[in-house]
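My entries follow in the order of the look-ups.

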Amino acid sequence: MTDFRRVLQSLMDNSVDHVVIGGLAVGLQGSAYRTEDVDIVYARDRPNVERLVAAIKPFKPRLRVRGEPEGIPFIFDVQSVLSGANFTMTTEIGDIDILATVTGLGDYDAVLKYAEHIAVISESKLTPVLSLEGLIISKRAANRAKDLVVIPELESMRELRLMEQTAPDGD
Amino acid sequence: MVYCTIGMKDATRKFLHDPPPGSKTRAAIEFGTDLSMTVRNMFVLSPAERLDRLQHGQIDLRSIRRPAQPELKR
């Protein structure tokens, strides 16, 4: 399993413009579903890609390929990232996926509109995490079995959170 | 279903224990989703605690209850 805290800490330390998406976002919102990796969407401007590379490169990323448990070596640098878009990687601290776009939502700027900034690692530096609304939209758009199965829980979570926020205090 | 409702507003607690037809929560339960851990994650744990829980495993055997095994001993 990926060392979630180290990945998030490194992204924060390097001031990477990103949003946590996928299973980790689902879990951070409160779902009971498990995840093994970290998925993020990142801003594609060159300065941010430089920061992203600085954040991830120390973990020695390799391309994750089915049938190759150790992954395939590749040069993880700014040029590689700018030449590509989505990278599924295995690293010394687990699997990390960096995506340029999210199905149903779009690129980093679009995803950021659906992000909530929450205190996961630090009370002072908040982590951008895809909201329940954004997760529901993206999972519905992805339309894979593993995405569809979590939607009822996410919709219930959104309903319960809204009720808790709007209900009067006291018994 | 048993929920940990510590700190939850009364209206939410009542809703959760008898979600009305047509609600998303009723639909999730009918879909087969066990919301007991979800509710605890959402309303009891902080985001940092949720991260720890994800890191160290979501399945708390002491919280699992099955008809043939109503309560696991600690």
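Axes here are lines fitted to C-alpha atoms, for helices over the stretch in contact, and angles run from 0 to 180 degrees between N-to-C directions. Helices (H or I, at least four residues) and strands (E, at least two) are DSSP runs, numbered from the N terminus.

I noted the conventions before reading any values. This is a predicted model, in which local features need pLDDT of at least 70 and side-chain atom pairs count only at pLDDT 80 or more, while totals for chains, interfaces and linings use all residues. Residues are numbered from 1 along each chain as its sequence is written, chains are lettered from A and ligands numbered from 1 in the order in which they are written, and side-chain values use heavy atoms, with hydrogens and water left out.

Entry: helix pair. I looked up helix α2 (residues 22-29) of chain A against helix α4 (residues 47-56) of chain B, and found an angle of about 125° with the axes 8 Å apart. That angle makes α2(A) oblique to α4(B) (under 35 degrees is roughly parallel, over 145 roughly antiparallel, 65 to 115 roughly perpendicular, the rest oblique). On the α2(A) side I listed A:L24, A:G27, A:L28 and A:Q29, and on the α4(B) side B:P47, B:R50, B:L51 and B:L54; contact means heavy atoms within 4.5 Å. By class I noted five nonpolar, two polar and one charged residues in this contact (Ala, Val, Leu, Ile, Met, Phe, Trp, Tyr, Cys and Pro are nonpolar; Asp, Glu, Lys and Arg charged; the others, Gly among them, polar).

Entry: A:F4. I found A:F4 in helix α1 (residues 4-13) of chain A. A:F4 has a relative accessible area of 0% and is buried (buried is under 20%, exposed over 50%, partly exposed in between; 1.4 Å probe, protein chains only). Beyond four places in sequence, A:F4 touches residues including A:L24, B:L51 and B:L54.

Entry: A:K139. I placed A:K139 in helix α6 (residues 132-142) of chain A. A:K139 also counts as buried, at 11% relative accessibility. Leaving aside neighbours within four places in sequence, A:K139 has contacts that include A:V26 and A:D147.

Entry: chain A. I counted eight helices and ten strands. The radius of gyration of chain A is 17 Å, close to the 16 Å from the globule rule for 171 residues, so chain A is as compact as a globular protein of that length (taken over C-alpha atoms; the rule is 2.2 Å times the number of residues to the power 0.38). Buried residues make up 51% of the 171.
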